[in-house]
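Here's a quick briefing to read with the model open beside you. Have a look at the structure first, then work through the points by topic.

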Amino acid sequence: REAEQKINFLAHHDVLTSLPNRALLKDRVGQALISAERHRQKLALLYLDLDRFKFINDSLGHAIGDQLLIKVAERLSQQMREEDTVCRTGGDEFIILLPDTDADGAGHVAQKLVENITTPFEIDGNQLFVTVSIGISIYPDNGEDAESLNKHADTAMYRAKQAGRNQYQFFTAEMHSQIVHKLELEHALRFALARNELSLVYQPLVDIKLNKITGAEALIRWNHPELGSISPLEFIPIAEETGMINPIGQWILHTAIAQCKQWVDAGHRDLLIAINLSAVQFNNPLLVTMINTILHEHQLPADNLELEITESVAMINIDLTIKQLKSLADAGIRLSLDDFGTGYSSLNYLKKFPINKLKIDQSFVFDMLTDEDDEAIVDAVITLARSLGLKTLAEGVETLEHLRVLNNKGCDFMQGYLFSKPVPAEPFFNLLNHPPVGNLGVD
C-alpha cells in the first residue's frame, strides 16, 4: 500500500518540490471551472516565471538551482489559501490556481508574490536575489476553458517580462488581438520569400566633403497582397524568433551584393553596400564562410561590403563578437556599429572591436538642433570616433541645417531624407550621377 501511495503521489506531484504537477493542476482547474460556472464565480490563473534563475543555475550549478526552486515553492505555498493550488510545470515556471477570485483579488495576490520573492534567499552561504514575472488570466473574461486561460496567462507573463520584469500583468483583449496579428504575420512570412513578396530598397550614404554618394544601405521591405506594406519593425523580430531570419538574411546578402556588383561594373568601383546583421545571423559560427561564399559567387570585392551590427547585438557575447568581427575584418569586409549610444556602450570593448565606422543614431541627430543634451552626445561620438581613428555616419539628416552643423562638427558621412528616402535599385542608380545636395554646398 505504501508503494502504491508513493507511485500515486509521484504521478500527480513534482519530484523536486512535491508541488502538484501539470496533471493534477489540470484536474483541479477542471473542477474549479465547473464550480465557477455553477455558482457564477470568477477564478484566476497565475503564470509565474523566475527572472534570473538561468543565470544562477548556470553560474552556481544545478544543485544550488534545485535548492532555490524548493525554497521558492515553499514561499509560494505559504502565501496561499487551502483551496488554492500551486503547481510547478517544469524548469523555473509555476502556475497558481485561485478559485473564487476576481481581478482585484488576483492582483493583490500577485503583488504580494512579487514582493515576497524579491526578499533574498540564503542557500549554502550564498545570498541569492531573484525576481518573478507574473501573467494573470481571469475566468470567464479571458477564456472559459483551461487551455485558453493557461495560454492567455502565459501571454500576459511574457508581456510582464517585456515591460521590465519583477511585476505582474493582466491578459487584455488588446493583447489577444496583437497575438492573433502576430500569428497571422508569422504564417504569411513563411511564404513571403517563395512568393517574391520581399524586396530591397537603397538609401544613399553621402560623403559630405566630396558631395558624393559613396554607398548604399540595403533595407528590406515586405508588401503582402492582402495585408499591404508591413514594417520591418513588425516582421524582423518575428523572423528572428522563428529562425526565418536565416533564409531571409541570406536572400538579403545575395540580392544586395549582386546589385552592388552591377553598380560596380557600371563604373562605380568604390561604391559600398551596407547590410544590417541581426543577432541570430551574427551568432552563426558559419557566418564568415557564408558571406565569403556569396561574395565569391557574385565576384564582388570584399571591401565593397560593409556589415552593420547594433550595440545590443555586439554586447550579447563579447568573446564571440570579437572573434566574428576579427574574422570578417581579416576577410577585408568593412564593419560599422549601428545605433551607437542607444544600447550598451562600452568604451573598454569598443577599442577591441575591429570596426571602421560609428553610426550616430537618428534620435540624437533629429533633436540636436534644439536639445543641448543630444548635441553633446553627437559631439562626444564624433570626438571619440576621431580619437580611435574611426569614421562617423549620422542617420536621419533631414534639413540643410542638420547638414551644416554636422559638417562643422566633423562628421564624415550622412544619410537621410535630405538626400533621398530609400528607393528601389533603378532610381538609386540614377542618383549616383548627381550631387546629393545640388549646388548648395556646405559651410
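A quick term before we start: contact here means heavy atoms within 4.5 Å. With that in hand, what covers the buried residues of α11? Pieces from elsewhere in the chain do, including α9 (245-265), α10 (279-282), β12 (305-310) and α13 (318-330). Keep in mind that this is a predicted model.

**The chain overall**

- You're looking at 18 helices and 16 strands, and the C-alpha atoms fill a box of roughly 90 × 55 × 45 Å along the principal axes.
- Of the 443 residues in the chain, 46% are buried.
- Take the contacts between residues at least 6 apart in sequence: 67% of them join residues at least 24 apart.

**Helix α11 up close**

- Helix α11 covers residues 287-298, and its 12 residues should span 16 Å at 1.5 Å a residue; the end C-alpha atoms sit 17 Å apart, which agrees.
- The buried residues of α11 are L287, V288, M290, I291, I294, L295 and H298. Looking down the axis of α11, you'd find its buried residues within an arc of 165 degrees, so they line one face of the helix.
- That pattern goes with a general rule: an α-helix has 3.6 residues a turn, so residues three or four places apart point the same way.
- On the face of α11 turned away from the buried side, you'll find the exposed residues T289, H296 and E297.

**The largest pocket**

- The largest pocket holds about 1,100 Å³ of space.
- Its lining takes in 35 residues, and those nearest the centre are E217, L219, L233, N276 and D338.
- Which elements each supply at least two residues of this lining? They are β9 (212-224), α8 (232-242), α9, β11 (272-276), α10, α12 (311-314), β13 (334-340) and α15 (362-367).
- Sorted by class, the lining of the largest pocket has 16 nonpolar, 11 polar and eight charged residues.

**The second largest pocket**

- The second largest pocket comes in at about 490 Å³. It is lined by 16 residues, with Q162, Q178, I179, K182 and E241 closest to its centre.
- Two or more lining residues come from each of α6 (146-162), α7 (173-192) and α8.
- The biggest contributor to the lining of the second largest pocket is α7, with eight residues.

**Backbone spots worth a click**

- The peptide bond from Y139 to P140 is cis, with omega near 0 degrees. You'll find P140 in the loop between β6 (132-139) and α6.
- N166 has a positive phi, near 55 degrees, and isn't a glycine. This residue sits in the loop between α6 and β7 (167-170), and its relative accessible area of 32% makes N166 partly exposed.
- N211 is another non-glycine with a positive phi, about 50 degrees. Look for N211 in the loop between β8 (198-207) and β9; at 23% relative accessibility, N211 counts as partly exposed.

- I377 belongs to helix α16 (residues 372-387). Buried or partly exposed? At 32% relative accessibility, I377 is partly exposed, since buried would need under 20%.
- I377 and R221 are 156 residues apart along the chain, and their C-alpha atoms are separated by 31 Å.

Conventions. Residues numbered from 1 in each chain as written. Predicted model: local features only at pLDDT ≥ 70, side-chain atom pairs only at ≥ 80, totals over all residues. Heavy atoms only, no water. Helix = DSSP H or I, 4+ residues; strand = E, 2+ residues; numbered from the N terminus. Expected span 1.5 Å × (residues − 1). Buried < 20%, exposed > 50% of the residue type's maximum accessible area, 1.4 Å probe, protein only. Arc of directions from axis to C-beta. 1 Å grid on protein atoms, 1.4 Å probe; cavity = no way out; pocket = protein on both sides within 12 Å on 5 of 7 lines; lining within 4 Å. Points joined across faces, edges and corners; volume = space filled by probe spheres on them. Nonpolar A, V, L, I, M, F, W, Y, C, P; charged D, E, K, R; others polar.
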